[in-house]
Amino acid sequence: MINQVKELKEYTALYHEIDNFFHAISLKIGISDSAFFVFYTLAQIGEGCLQKDICEMNMISKQTVHSAIKKLEKEVMLYIEQEKKEKRIYLTKQGKEFVKQKILPIVVCENVVFEEMSELERQEIVRITKKYLINFQKKVKLNENSII
């Protein structure tokens, strides 16, 4: 039981350390965390993605992403094109240059780190993390009136 508690603490600390590392990267390049993830998503899945793609990929609320997009739009880093009910997000020339200089190197580093793992290690990290999340979600049921 003592090892289990120690391992859970270590896992939780690592999870938060990864989150804090992305925060430190955002601070270093002079943007908010939410702006970083908007740019990061555009760099990974490409321009023309939807606001909901950014929300889903990064588990960020719709309001947070919307606010970040509006701010970046005012800074002339991106623009939105309305298509029916969907809003597609595109980078301006200034935004493309920013992503090229500041975001793509981070994406490349993360990809290299993942590629340096064996195929089995990559599959295991995803499988085990998914298993942890699914089982945790089953144990902690969030509803309107209470938690658990």
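**Questions on a predicted model**

Reader: Is Lys84 buried or exposed?
Author: The cut-off for exposed is over 50% relative accessible area. Lys84 reaches 83%, so the residue counts as exposed.

Reader: What is the phi of Lys84?
Author: Most residues other than glycine have a negative phi. Lys84 is not a glycine, yet its phi is positive. The value is about 55 degrees.

Reader: Where is Val76, and is it buried, partly exposed or exposed?
Author: Val76 also has a positive phi, near 60 degrees, and is not a glycine. Val76 lies in the loop between helix 4 and strand 2. Buried means under 20%, and exposed means over 50%. With a relative accessible area of 47%, Val76 is therefore partly exposed.

Reader: What share of the residues in the chain is buried?
Author: The C-alpha trace spans about 55 × 45 × 25 Å along its principal axes. The chain exposes about 11,300 Å², with carbon and sulfur atoms supplying 59% of that area. The chain has 148 residues. The buried share of them is 25%.

Reader: What share of the contacts with a separation of 6 or more joins residues 24 or more positions apart?
Author: Count the contacts in the chain with a separation of 6 or more. Then pick out those between residues 24 or more positions apart. Their share is 43%.

Reader: Which residues does Ile103 contact, leaving aside neighbours within four places in sequence?
Author: Set aside its neighbours within four places in sequence. The partners left are Ile29, Ile31, Phe36, Phe39, Tyr40, Ala43 and Phe98.

Reader: Which residues more than four places away in sequence does Ser26 touch?
Author: Ser26 lies in helix 1. Its relative accessibility is 0%, so Ser26 counts as buried. Beyond four places in sequence, Ser26 touches Ile31, Ser32, Asp33 and Phe36.

Reader: Is the pair of Phe22 and Phe36 stacked, tilted or edge-to-face?
Author: The structure holds 10 aromatic pairs. In this one the ring centres are 5.9 Å apart and the planes stand at 50 degrees, so the pair is tilted.

Reader: How far apart are the ring centres of Phe22 and Phe37?
Author: The planes of these two rings stand at 50 degrees, so this pair is tilted. The distance between the ring centres is 5.6 Å.

Reader: Which residues form one aromatic cluster with Phe22?
Author: Phe22 is buried, at 14% relative accessible area. Phe36 is buried at 0%, and Phe37 is buried at 16%. The residues clustered with Phe22 are Phe36, Phe37 and Tyr40.

Reader: Which helix gives the most to the nonpolar patch on the surface?
Author: The patch is formed by Leu8, Tyr132, Leu133 and Phe136, with about 370 Å² of accessible area together. Leu8 lies in helix 1 and, at 44% relative accessibility, counts as partly exposed. The most, 3 residues, comes from helix 6.

Reader: What distance separates the C-alpha atoms of Leu104 and Ile54?
Author: Leu104 lies in helix 5 and counts as partly exposed at 34% relative accessibility. Beyond four places in sequence, Leu104 touches Ala43 and Val99. Ile54 is 50 residues away from Leu104 along the chain. Their C-alpha atoms are separated by 16 Å.

Terms used
Residues are numbered from 1 along each chain as its sequence is written. This is a predicted model: local features need pLDDT of at least 70, side-chain atom pairs count only at pLDDT 80 or more; totals for chains, interfaces and linings use all residues. Side-chain values use heavy atoms; hydrogens and water are left out. Contact means heavy atoms within 4.5 Å. Patches are made of residues with over 30% relative accessible area and no salt bridge: like charges are joined within 9 Å, nonpolar side chains (Val, Leu, Ile, Met, Phe, Trp, Tyr) within 5 Å. Accessible areas come from the Shrake-Rupley method with a 1.4 Å probe; for residues, only the protein chains shown count as cover. A salt bridge is a side-chain nitrogen of Lys or Arg within 4 Å of a carboxyl oxygen of Asp or Glu. Helices (H or I, at least four residues) and strands (E, at least two) are DSSP runs, numbered from the N terminus. Buried means under 20% relative accessible area, exposed over 50%, partly exposed in between (1.4 Å probe, protein chains only). Rings of Phe, Tyr and Trp (its six-membered ring) pair if their centres lie within 6.5 Å; planes under 30 degrees apart count as stacked, over 60 as edge-to-face and the rest as tilted.
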